[in-house]
Structure formats: C-alpha cells, structure tokens
Amino acid sequence: MSEKALSLLGMARRAGKLSMQEEANLSAIRSGRAKLLILAEDAGAATAKKYIDKCTYYRVPYVRVKDRTELGMALGTSPRSAVAVLDDGFANRLKELFLS
C-alpha cells in the first residue's frame with residue numbers, strides 16, 4: 001500500500017468516515033452507505049467470501065491490500081481484515097491510489 005493511501009486512510013479514520021467492525025461493515029454495505037471496501041489478502045477464506053459476495057450483490061467496489069497488519073497500522077489499530085469507507089471523496093481518491 002502506498003504512503004499516500006496509508007495517510008489518506010488515517011485521515012478518513014480521524015474524520016469518522018470509516019467503519020472497522022465486521023457487523024458495522026456489512027450493515028454499511030447492505031444499506032448503501034459503504035462507498036468502498038478495503039479487504040486484506042490474508043483475511044480468512046469465509047470472511048473474504050462473505051465480504052466479496054456482499055460487495056458483488058450490493059455493487060460496492062472493493063480493493064485488496066497486502067495484509068491485515070498493514071491495514072491495522074494505517075488506521076492506528078490492531079490488525080483489521082476489512083474496512084468500509086463511508087465517504088465518496090475518500091473512496092474515490094483511495095480507488096485512484098490503489099488502481100494506479
């Protein structure tokens with residue numbers, strides 16, 4: 001994950017524009033509040049399938065990152081399997097950074 005993406009994720013967290021708990025993430029996906037899901041490559045198979053299936057069904061874009069530890073460090077928390085971005089501006093910029 002690039003330094004810019006890490007920095008932007010931290011900024012989104014401080015702005016309160018992220019959901020980091022599994023049930024909150026799934027609820028945000030179902031309700032349409034999630035604009036982007038960031039999913040760790042080393043998330044458990046069942047967890048990854050659940051998130052990917054929900055994102056596909058509800059048409060929420062998702063990106064994969066290297067691992068849970070890196071994602072947690074970017075957020076200043078313990079390792080995280082997934083994070084939902086709840087803001088269009090942050091989501092669009094993060095997609096640009098991940099896809100470039």
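Start your tour by selecting Arg93, which counts as partly exposed because its relative accessibility is 35%; partly exposed is the range between buried (under 20% relative accessible area) and exposed (over 50%), using a 1.4 Å probe and protein chains only. Before you go on, note that this is a predicted model, in which local features need pLDDT of at least 70, side-chain atom pairs count only at pLDDT 80 or more, and totals for chains, interfaces and linings use all residues. Residues are numbered from 1 along each chain as its sequence is written, and side-chain values use heavy atoms, with hydrogens and water left out.

**Stop 1: a pair in helix 5**

A salt bridge here is a side-chain nitrogen of Lys or Arg within 4 Å of a carboxyl oxygen of Asp or Glu. Both residues sit in helix 5 (residues 88-99), three residues apart, or about one turn of the helix. Helices (H or I, at least four residues) and strands (E, at least two) are DSSP runs, numbered from the N terminus. Glu96 is also partly exposed, at 47% relative accessible area. The structure holds five salt bridges, so let's visit others.

**Stop 2: helix 3 to helix 2**

Select Lys50 and Glu22, a salt bridge whose closest N and O atoms are 2.6 Å apart. Lys50 belongs to helix 3 (residues 45-58) and Glu22 to helix 2 (residues 22-31), so this pair ties together parts that are 28 residues apart in sequence. Lys50 is partly exposed at 35% relative accessibility, and Glu22 is partly exposed at 31%.

**Stop 3: a strand and a loop**

Now pick Arg64 and Glu41, whose side chains meet in a salt bridge at 3.9 Å, N to O. Arg64 is in strand 3 (residues 62-65), while Glu41 is in the loop between strand 2 (36-40) and helix 3, so the pair ties together parts 23 residues apart in sequence. Arg64 is partly exposed, at 30%, and so is Glu41, at 46%.

**Stop 4: two helices crossing**

Finally, show helix 1 (residues 3-14) and helix 4 (residues 68-75), whose axes come within 7 Å and cross at roughly 55°. Axes are lines fitted to C-alpha atoms, for helices over the stretch in contact, with angles from 0 to 180 degrees between N-to-C directions. Look for Leu6, Leu9, Gly10 and Arg13 of helix 1, which make the contact (heavy atoms within 4.5 Å) with Glu70, Leu71, Ala74 and Leu75 of helix 4.
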